[in-house]
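Dear colleague,

Please find below the structure that I am handing over to you. A short account of the findings follows it.

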Amino acid sequence: MYLILITMFFSDPIYTGKDSILIERYNGKPLVFNTLESCYDWVEKDFINIKNFGEFAFPEAVSLKAIDCVTQE
């Protein structure tokens, strides 16, 4: 199973806080993917909303660093 991981970039070189967030739910339902391909298909189709979510979660970040699909542990 795969989840979407958003990682943000911070310009402060001494920043040691959290820099990433997993998207685990969408409209109240679990957002998990059976294949890596289906996960990245979702990212491609919903890129702007995913990017906006990362910026909302980390308003002090300078920009988006990465959106990855990672295995669920």
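Lys51 and Glu55 are 4 residues apart in helix H2, so about one helical turn separates them. Helices (H or I, at least four residues) and strands (E, at least two) are DSSP runs, numbered from the N terminus. Please note that this is a predicted model, in which local features need pLDDT of at least 70 and side-chain atom pairs count only at pLDDT 80 or more, while totals for chains, interfaces and linings use all residues. Residues are numbered from 1 along each chain as its sequence is written, and side-chain values use heavy atoms, with hydrogens and water left out.

Lys51 and Glu55 form a salt bridge, with their closest N and O atoms 2.7 Å apart. The term denotes a side-chain nitrogen of Lys or Arg within 4 Å of a carboxyl oxygen of Asp or Glu. A search of the whole structure finds 1 salt bridge. Lys51 is partly exposed at a relative accessible area of 27%, and Glu55 is partly exposed at 32%. Here, buried means under 20% relative accessible area, exposed over 50%, and partly exposed in between (1.4 Å probe, protein chains only).

**Aromatic pairs**

The search of the whole structure also finds 4 aromatic pairs. Rings of Phe, Tyr and Trp (its six-membered ring) pair if their centres lie within 6.5 Å; planes under 30 degrees apart count as stacked, over 60 as edge-to-face and the rest as tilted.

One of these pairs is Phe10 with Phe58: the ring centres are 6.1 Å apart and the planes stand at 90°, so the pair is edge-to-face. Phe10 belongs to the loop between strand E1 (2-9) and strand E2 (20-23), and Phe58 to the loop between helix H2 (47-57) and strand E5 (63-71), so the pair ties together parts 48 residues apart in sequence. Both Phe10 and Phe58 are buried.

Tyr26 and Trp42 also form an edge-to-face pair, because their ring centres are 5.3 Å apart and their planes are at 80°. Tyr26 lies in strand E3 (residues 25-26) and Trp42 in helix H1 (residues 36-45), so this pair ties together parts 16 residues apart in sequence. Tyr26 is partly exposed at 42% relative accessibility, as is Trp42 at 27%.

**Strands E1 and E2**

E1 and E2 run antiparallel and are joined by 4 bridges. Ile4 stands opposite Ile23 in E2. Ile21 and Ile23 make up the covered face of E2, and Ser20 and Leu22 the uncovered one.

Yours sincerely

Notes
Two strands pair if DSSP finds at least two bridges between them.
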